[in-house]
Amino acid sequence: MTRKKPEDLRSHRWFGVNDLRSFGHRSRTAQMGYDRSDYAGKPVIAVINTWSDINHCHTHFKQRVEEVKRGVWQAGGFPLEMPAMALAETMQKPTTMMYRNFLAMETEELLRSYPADGAVVMGGCDKTTPALIMGATSMNLPTIYLPAGPMLNAHWRDQTLGSGSDTWKYWDELRAGRITQGDWNDIEDTIARSPGTCMTMGTAATMMSLAEVLGFCLPGYSSIPAPDSNHARLATLTGKRIVDMVWEDLKPRDILDARAMHNAIVTLMAMGGSTNAIIHLVAIAGRAGLALPLEQYTEISAKVPVIANVRPSGKTYLMEDFFYAGGLRALLNELRDLLDLSAKTVNGRTLGENIAGAKVWNPDVILPRDKALKASGGIVMLRGNLAPDGAVIKTSAADPKLMQHTGRAVVFEDYNDMAARIDGDDLDVDASCVLVLKNAGPLGGPGFPEWGMLPMPKKLIKQGVKDMVRLSDGRMSGTSYGTCILHVAPEAYVGGPLAFVQNGDLIELNVEKKELNLKVSEAELARRRAAWVRPPLKYERGYGAIFSRHIKQANEGCDFDFLEGTAPIPDPEIH
């Protein structure tokens, strides 16, 4: 392998030449307390840290960044921590999805505008992982990803609690009067008991796992619980490895290819992972110049069994249990024949080499394929006259009895309308109905919020109804469950067919046929379409205005239209 020389380093343009500007760069570096020997001829490693006081998933990153730096120093590099926007799920409004592309841009521009030769990107909380990978892929400097890791399992009395999943469950129990306010307060105090991301197979755990499968993370580390001492060792090993990656010039687009994307989709299906990953993978692929049509998900889904018995698709176990059972390497080794084992990864080895010999230590957590939770189709893409550009349903977390269903629409025009009426005793709804939420998409939300797991009507909860078909152009948390049809595209706000659904219309779901249809005549739909008035954009200035004018639809990955692709951007002039 040809290795770079010190004068080939990108940072050499800042520090290694003998001119007025380099004098300024070196003198200011001395101002920070560094001697020239600390950085001269060494790879400068940008450590992009999404730590913040408001980011609950990343509270341990203050310490982990020091461990990353230790690894960089030990390997002969020069680490520079660069804070980036924290996308704190649950805290940031209207939704972190509004700011995924913001963090992607910030990551790309930090790396472009400063003397970085390579990067360690630190994330985990839902949208940080795809944002960091998107930005790093666009910049295309050697980059390695450090996952935050899941938090520890939570406990309440004799119950093991899972983030999100048990929040929805016990909220319904409280609304139905089956637990007390005191019980609810106790759950609130115990459901998140350590640093780290949600410990269910939500979006965070899904995307950390997919980052490893895509080749961005050292093998075997994406499922280590955040407080585990192995996680600290991972941080140092990550810092060491990025220095060698710079000398080897191993870049994101050397890793992100069709093989990597195929493997990521296989893994997503086998884990019963978050539907949000569908959007993020399309966006990541777009940054590498790859197309990822929804049909590819459908094709792969039909062949892949769901073997991760982890909530919300599973009934009992959480990510800490998944780690003890062998973690992602063990799951992947069970799927070798479905994967492209020749795919490259950041440690310089192939995926096949990285998972060789991995064993399942608890076959009740990582199931044998002949005992899979679902033989195939954990996530299914739907099309039809209600979703001409696609919709998605997570069948592994839905009621099998509802996979073929026709019901009367109960329509909510937006989230506020739904919140105002969903608990009313006068709501005209029964268990056979289809709840419909409009204006929850990329523009309608705005920002494509996680409103797609519509709450069950209170009157039905009291009757013991646990699930029903719910449909929207929004997303739902990866920790959610139920028969929820999501990402209906085009969204209602831009005049997609969802905009024209009315109370009482019949909606037909047929998962086997992968169809979603509104049982209304074309003539009637044309009449409604002609009467529809497009609402104005919700933002007239600032970042919101950029978002409103450039965001793409769900099936296209919700990236900005001007950020996709691999068109070259020159390095900055240094004058």
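Does F15 count as buried or exposed, and at what relative accessibility? At 12% relative accessibility, F15 counts as buried; the term buried means under 20% relative accessible area, exposed means over 50%, and partly exposed lies in between (1.4 Å probe, protein chains only).

This is a predicted model, in which local features need pLDDT of at least 70 and side-chain atom pairs count only at pLDDT 80 or more, while totals for chains, interfaces and linings use all residues. Residues are numbered from 1 along each chain as its sequence is written, and side-chain values use heavy atoms, with hydrogens and water left out.

**Aromatic pairs**

Rings of Phe, Tyr and Trp (its six-membered ring) pair if their centres lie within 6.5 Å; planes under 30 degrees apart count as stacked, over 60 as edge-to-face and the rest as tilted. The count by this rule is 17 aromatic pairs. F15 and Y39 form a tilted pair, with 4.8 Å centre to centre and 50° between the planes. F15 lies in helix α1 (residues 12–15) and Y39 in helix α3 (residues 36–39), so the pair ties together parts that are 24 residues apart in sequence. Helices are DSSP runs of H or I with at least four residues, and strands are runs of E with at least two, numbered from the N terminus. One aromatic cluster is formed by Y99, F102, Y543, F547, F560 and F562.

**Accessibility of selected residues**

| Residue | Relative accessibility | Class |
|---|---|---|
| Y39 | 3% | buried |
| T395 | 6% | buried |
| A358 | 9% | buried |
| H25 | 22% | partly exposed |

H25 is placed in helix α2 (residues 20–31). Not counting residues up to four places away in sequence, H25 touches W14, F15 and I574, where contact means heavy atoms within 4.5 Å. The H25 side chain also reaches the backbone oxygen of W14 at 2.7 Å. Polar contacts are pairs of N or O atoms within 3.5 Å; within protein, one must be able to donate a hydrogen and the other to accept it, and residues adjacent in sequence count only if both atoms are side-chain atoms.

T395 is found in the loop between β8 (387–393) and β9 (404–412). A polar atom of the T395 side chain lies 2.4 Å from the backbone oxygen of G377.

A358 lies in the loop between α17 (351–355) and β7 (380–384). Leaving aside neighbours within four places in sequence, A358 is in contact with R329, A330 and N333. The C-alpha atoms of A358 and N333 are separated by 6.3 Å, at 25 residues apart along the chain.
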